[in-house]
Amino acid sequence: MELFAILIGGILINNYIFARFLGLCPFFGVSNKLETVYGMGAAVVFVTTLASAITWPVQHYLLAPQKLEYLQTIVFILVIAALVQLVEMVIQKVSPSLHAALGIYLPLLTTNCAVLGVALLNVTEGYGFVESVVNGFAGGAGWFLATWLFAGVRERIDGPHIPAAMQGLPIAFIAAGLLALAFMGFQGLFRGLLF
Amino acid sequence: MVTVLFLVCAVAGLAAAAANGVTEPIIAQQQAQALQQGLAEVLPEAASFDPVAAGELAGQGEAVLSAWRALDDGNQPVGVVVEAAPSGYGGPIRMLVGVTTDGTLRTMKILSAANETPGLGAKVAEPAFQGQFTGLKAGITLVKGQAPTGNQIQAVTGATISSRAVLDGVNQALAAAAQLQEAR
Amino acid sequence: MAQTTIAGVFRDGLRQAPPFRLVLGLCPSLAVTTAMENGFWMGLAVIFVLSLSEVLISLMRRIIPDRVRIPVYIVVVAAFVTVVDMVMHAFLPDMHAILGIYIPLIVVNCIIMGRVEAFAAKNGPLAALADGVGIGLGYTASIMVIGGIREILGTGNLVLFGHALFGSGLPFEPAVIMLMPPGGFFVLGFLLAGLALWEMRQRRKTAAPAACCTVPGEEAAK
């Protein structure tokens with residue numbers, strides 16, 4: 001039950017884009033075309049889940065027992081950078097076509113705040129291993145969902161009926177704000193069920 | 001090539017370790033000070049606080065985190081302080097609840113309600129709301145839209161969930177305090 | 001484009017003013033700007049990390065092998081971020097609690113990695129310092145503006161370093177939504193639109209005189 005709460009929490013209630021503001025640069029970057037969203041989204045989900053799975057044992061078996069928690073930022077980001085590099089090499093070997101499709105997005109994942117963000121949040125929330133992995137997956141999936149919805153909206157926005165000053169990024173931000181407003185409706189979702 | 005990377009990492013690690021060595025004691029002292037301040041605020045009659053072992057809190061409500069037995073100058077018990085963190089609207093609401101030996105709530109203090117909605121749920125951190133709890137006993141109930149009587153508190157208008165969460169935390173803290181005082 | 005003077009580099013950096021012109025570093029720009037003061041301290045942290053990282057990497061630029069340069073940059077930046085995190089925790093615990101995970105997230109702030117790669121790796125340490133401080137200051141100013149707008153509209157008051165600038169608050173019912181995520185998006189959207197509008201007006205001003213005062217022959221001769 002708690003895993004379900006973490007899943008729904010990460011995807012809807014505390015959506016990584018609309019509630020936590022994590023992973024915004026690529027959010028605006030890839031959402032002008034729906035096709036690019038699928039590639040980036042899949043990559044994000046994959047890396048956030050894996051990053052959570054790897055950083056958890058690093059934190060709990062390496063850093064914490066040695067009282068080295070202050071090295072968390074340095075170690076985590078290095079782990080993520082290495083992970084992304086590894087994933088890129090593996091995909092290139094295993095499926096060159098997939099690599100051609102995803103290739104340019106993977107290196108960008110190292111600086112995607114959502115990836116490091118989810119790893120750090122797993123620690124501050126005190127999650128166990130399974131919970132961390134679920135949370136990682138939820139964060140990435142929520143990112144994917146948000147970007148996908150947003151791309152759908154953006155495809156229909158731009159046009160002559162938008163004032164010149166608003167075209168491009170400004171109206172995109174306003175649209176994102178409206179989507180964030182909609183997602184606020186999920187707040188208190190579980191409270192409502194339990195109360 | 002790898003040596004350069006390794007060297008950079010080593011220096012970075014050492015720098016972080018050095019900074020940690022300098023700042024860690026300051027941080028620890030600050031946290032201890034903030035805690036003592038909070039404890040003294042919720043139970044001013046106490047001269048010292050004795051932390052309660054985690055085992056003694058087994059079986060208490062989920063929101064109860066830790067507790068201290070409060071003693072006066074003569075080492076006589078004057079009450080118990082319980083730290084609780086019930087789940088509010090957007091996250092945990094941390095609080096300290098000071099309870100006197102007869103089970104009456106002396107003072108309660110919200111340490112952080114940062115995840116509650118500003119202007120609504122966040123109002124539980126205001127003195128007006130917290131002050132309601134003073135003098136009440138275990139089993140407090142909530143009323144909305146009307147003045148509270150007896151063992152009741154009034155919820156913040158438009159923030160029933162946050163108010164109820166705080167109430168939960170307080171009630172659990174009172175129950176824990178009662179059990180701890182019985183045990184001694 | 002390449003500035004030759006330190007002052008020029010600094011001015012260039014200021015004008016880039018992320019996230020407005022240089023649309024990078026969005027995550028913290030929206031997350032921590034619920035108050036002007038938060039923007040101030042976050043900006044200060046970024047100035048520190050950005051300028052010191054740029055200087056150090058500039059100093060090391062000839063000895064960093066190209067293949068490992070990204071990991072090296074990451075480690076350098078992460079080390080400075082770690083120090084900033086600890087110093088803030090020790091000396092500004094309240095602000096540290098408010099800024100939360102966005103302090104360690106400075107490491108992946110695209111501004112930092114972007115500038116380090118684009119500027120520090122190719123210029124001398126003094127220029128790198130000027131660039132770091134310039135961009136950092138521009139960033140600080142920008143997020144203070146965003147934070148200020150959100151704070152005034154969302155709380156009706158502006159509290160800086162413990163002083164409420166408008167006494168008991170401005171005489172309107174504050175729009176709490178401004179303090180929440182949607183508000184952040186709206187404010188930045190409108191600010192970007194405002195900037196675009198201003199730029200369009202500037203361009204029209206500089207373009208107009210040429211159109212009215214030159215004769216077709218003159219244009220071809222130029």
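L120(A) counts as buried because 22 C-beta neighbours lie inside 10 Å of it, a residue being buried if 20 or more other C-beta atoms lie within 10 Å of its own, exposed if 12 or fewer, and partly exposed in between, with C-beta atoms placed from the backbone. The model is a predicted one, in which local features need pLDDT of at least 70 and side-chain atom pairs count only at pLDDT 80 or more, whereas totals for chains, interfaces and linings use all residues. Residues are numbered from 1 along each chain as its sequence is written, and chains are lettered from A and ligands numbered from 1 in the order in which they are written.

L120(A) is found in helix α7 of chain A, helices (H or I, at least four residues) and strands (E, at least two) being DSSP runs numbered from the N terminus. Leaving aside residues up to four places away in sequence, L120(A) touches I101(C) and P104(C), where contact requires that the C-beta atoms, placed from the backbone, lie within 7 Å. Between L120(A) and Y105(A), 15 residues apart in sequence, the C-alpha to C-alpha distance is 22 Å.

Chain A as a whole contains 10 helices and zero strands. Of its 195 residues, 50% count as buried, and the C-alpha trace spans about 60 × 50 × 30 Å along its principal axes. Among the contacts in chain A between residues at least 6 apart in sequence, 77% join residues at least 24 apart.

Within chain A, helix α3 (residues 34-63) and helix α7 (residues 113-124) have axes that come within 9 Å and cross at roughly 40°, the axes being lines fitted to C-alpha atoms over the stretch in contact and the angles running from 0 to 180 degrees between N-to-C directions. That angle makes α3(A) oblique to α7(A), since angles under 35 degrees count as roughly parallel, over 145 as roughly antiparallel, 65 to 115 as roughly perpendicular and the rest as oblique. Residues making the contact include V44(A), V47(A) and W56(A) of α3(A) together with V115(A), V118(A) and N122(A) of α7(A).

In chain C, helix α1 (residues 6-16) packs against helix α7 (residues 125-155) at an angle of about 25°, with the axes 7 Å apart. That makes α1(C) roughly parallel to α7(C). Among the residues of this contact are I6(C), F10(C) and L14(C) of α1(C) and L126(C), V133(C) and L137(C) of α7(C).

Methods: Contact = placed C-beta atoms within 7 Å.
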